[in-house]
Amino acid sequence: MSHGGFGGGGGGGGFGASFRKDASVKDHRIAKGTTRRVARYAKPYTGQIAAFLGINVISSLLVVATPLLLQRIIDDGVANQDTRLVIILAAMVAVVAIVEAVLGLVQRWFSSRIGEGLIYNLRTDVFDHVQRQSIAFFTRTQTGSLVTRLNTDVIGAQQAFTSTLSALVSNVVTLTAVLITMLALSWQITLISLAVVPLILLPARRVGRRLAGLRRQSMGYNAEMGSMMTERFNVAGALLVKLFGSPEREHTEFASRAEAVRNIGVKQAMSNRIFFTSLGAMASIATALVYGVGGVLAIREALTVGTLVAFAGLLGRLYGPVTALSNVQVDIMTALVSFERVFEVLDLEPMVKDAPDARLLPEGPIGIGMDDVTFTYPTGADVSLLTLESPSNDREGTTPAKAGEEGVLTKDFGQSTLPKATLKDVTFEVPAGQMVALVGPSGAGKSTITSLITRLYDANEGEVSVGDVDVRELTAESLRGAIGVVTQDSHLFHATIRQNLSYARPDATTEEMWSALDDAQIGTFVRRLPEGLDTVVGDRGHRLSGGEKQRIAIARVLLRGPRIVILDEATAHLDSESEAAVQRALDTAMEGRTSLVIAHRLSTVRAADRIVVLEAGRVVEQGTHAELLALGGLYAELHRTQFAE
């Protein structure tokens, strides 16, 4: 590690790093207990951190070794024409340089071991915790903001140990050692050197604030440009642009965002250059003063030439630590804020979680029941964080706060001013092995019922049961392992058909996959593909047609072998030919299983053992197709409207 030059900062990072951080964080109030939790994360690395800091101290003390050896070379060796002493001292300078280099490598090893270990622990903890969040969390959270917590903030937290802590220790030790050495050599020149410090710190503080402001603007502009690229480069966004956009309009919009990034980049580059040029000029003035005053003292024999050379060497090691320590509060607060933002996610309690005494779902055929169930979708304050819903709050340094003022997220992801019950006193039963259909107008609460059965949400009142057991008493793994769901837009990962199928059952054999594909009426199609099971389906499965994607999703359900099948508008967006193929696959999937089917096309639910009709969150009718037609109520009206069309 080199300590030479004005920017040297002992064993820590250069002082310029402080000015790349947002100085506004020093006024932020850190949540109580944050430092204690940071210490807990550091505990597994206590020995390594101690060794790392010890090496930092040794490396920082070596800062004064080279200037003092140079002094002895000139005063004792050259002045006395002692060739042997000059050679020995020069060799010692080389040894010090080698030792510093070796210590730098060892520091880097400890730094990477500690840093990467902390990153691993924090990332896995956040990832695991986010995975346990309810689906409501994901409907409100912006993916980009969440990924930032796993990347930028985790790395910022890691730097608390590998950068901030080591820089603090090394800069304090370096500054102390340099000042003591300089005072021992000449207190007069030391005072002159210190007199220049305000001339360095004042512009550093002013320009530092400007750089922090430019950095905030740059983050905002880059986020906007990145957001546009993310939206346009995924398949759905690209398709929308192709159908409704124009190349000229897209170019103009992107160019304006890219131009803002370019312009702020130029401002940052020039501010940095002006900043470091000014500091370099101040350092040169300080050096000139030392040589001027020291040269006069040397002529008057009040100071040796070797001492003057040593002072010049020490000078470059004085101002770096001084400037860095003047911003140490910003450095420490920046690291703590990063930790706090990570802890903010870890402290968000999952809305739906297993009870301490949760049990496994009973074996054998199982039915579904809902008894006086009332449900209202949760508010943002219950499930999310404001800083995860709006990236602008992150950019502008807004104090993290929970979101609760923005209204209630409904099934269709809309906002309403006041909480409104989606389901009210819903009661019905799906006996084991039977097929029950849910019908009703859009927004009646059909999909909400499936979300409660799969326990994506918990009912506010009443009981949802599977296998005659309240779902809140079951483990989520055993409950969801017994249920297969096919939605109107089944999601496939950007992976191969084999990987998408094995996601439902990792231990499935190739033969079992082909059997499931055949049962889903898609096996012949997959066999015709050049790469067969190893064909990549593309982002969200967009390389496949809607019917092909749905049938692969059904094959995934069949491979899992669930005891309950839930179909949520599984054929809603398909053409007649694809619908017929998918319906055959669905008939196979439902055979011998308890089935709950949501469909707007009433022709697909005629054969249901029972039909439950919903309106405005309430069950208004129940019965067979014939019974409901004879009743002449809502179902009969819906049937008449559809078939009249």
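Which residues in α3 meet which residues in α11?

A: Happy to walk through it with you! This is a predicted model, in which local features need pLDDT of at least 70 and side-chain atom pairs count only at pLDDT 80 or more, while totals for chains, interfaces and linings use all residues. Residues are numbered from 1 along each chain as its sequence is written, and side-chain values use heavy atoms, with hydrogens and water left out.

The chain holds 25 helices and twelve strands; helices (H or I, at least four residues) and strands (E, at least two) are DSSP runs, numbered from the N terminus. Of its 645 residues, 47% are buried, where buried means under 20% relative accessible area, exposed means over 50%, and partly exposed lies in between (1.4 Å probe, protein chains only). If you take contacts between residues at least 6 apart in sequence, 79% of them join residues at least 24 apart; contact here means heavy atoms within 4.5 Å.

Now to your question. On the α3 side the residues are P67, L70, Q71, I74 and D75, and on the α11 side they are V305, G306, T307, V309, A310, G313 and L314. Sorted by class, this contact has seven nonpolar, four polar and one charged residues. In that sorting, Ala, Val, Leu, Ile, Met, Phe, Trp, Tyr, Cys and Pro count as nonpolar, Asp, Glu, Lys and Arg as charged, and the others, Gly among them, as polar.

How do the two helices lie? Helix α11 covers residues 305-315, and its axis is 7 Å from that of α3, at an angle of about 160°. That makes α3 roughly antiparallel to α11. The axes are lines fitted to C-alpha atoms, for helices over the stretch in contact, and angles run from 0 to 180 degrees between N-to-C directions. Angles under 35 degrees count as roughly parallel, over 145 as roughly antiparallel, 65 to 115 as roughly perpendicular, and the rest as oblique. The crossing of α3 and α11 is right-handed: a crossing is right-handed if the near helix is turned clockwise from the far one by less than a right angle, and left-handed if anticlockwise.

Let's zoom in on Q71, which sits in helix α3. Q71 is buried, with 7% relative accessibility. Setting aside its neighbours within four places in sequence, Q71 touches D76, L185, T304, G306, T307 and A310.

Helix α3 has another partner, α4. Helix α3 (residues 65-78) and helix α4 (residues 83-131) have axes that come within 9 Å and cross at roughly 170°, so α3 and α4 are roughly antiparallel. Here A65, T66, L69, R72, I73, D76, G77 and V78 in α3 meet L85, V86, L89, A90, M92, V93 and V96 in α4. The classes in this contact are eleven nonpolar, two polar and two charged residues.

T181 counts as buried because its relative accessible area is 12%. Beyond its neighbours within four places in sequence, T181 is in contact with V64, L68 and L314.

For a contrast in angle, look at helix α20 (residues 510-519) and helix α22 (residues 546-560). Their axes are 8 Å apart, at an angle of about 125°, and α20 and α22 are therefore oblique to each other. Here E512, M513, A516, L517 and D519 in α20 meet I552, A555, L558 and L559 in α22. That contact has seven nonpolar, no polar and two charged residues.

Finally, a look at the backbone. Most residues other than glycine have a negative phi. R455 has a positive phi of about 60° although it is not a glycine. R455 lies in the loop between α17 (446-453) and β6 (461-466), and R455 is buried at 5% relative accessible area. D425, in strand β4 (residues 421-430), also has a positive phi, near 50°. D425 is partly exposed, at 43% relative accessibility.
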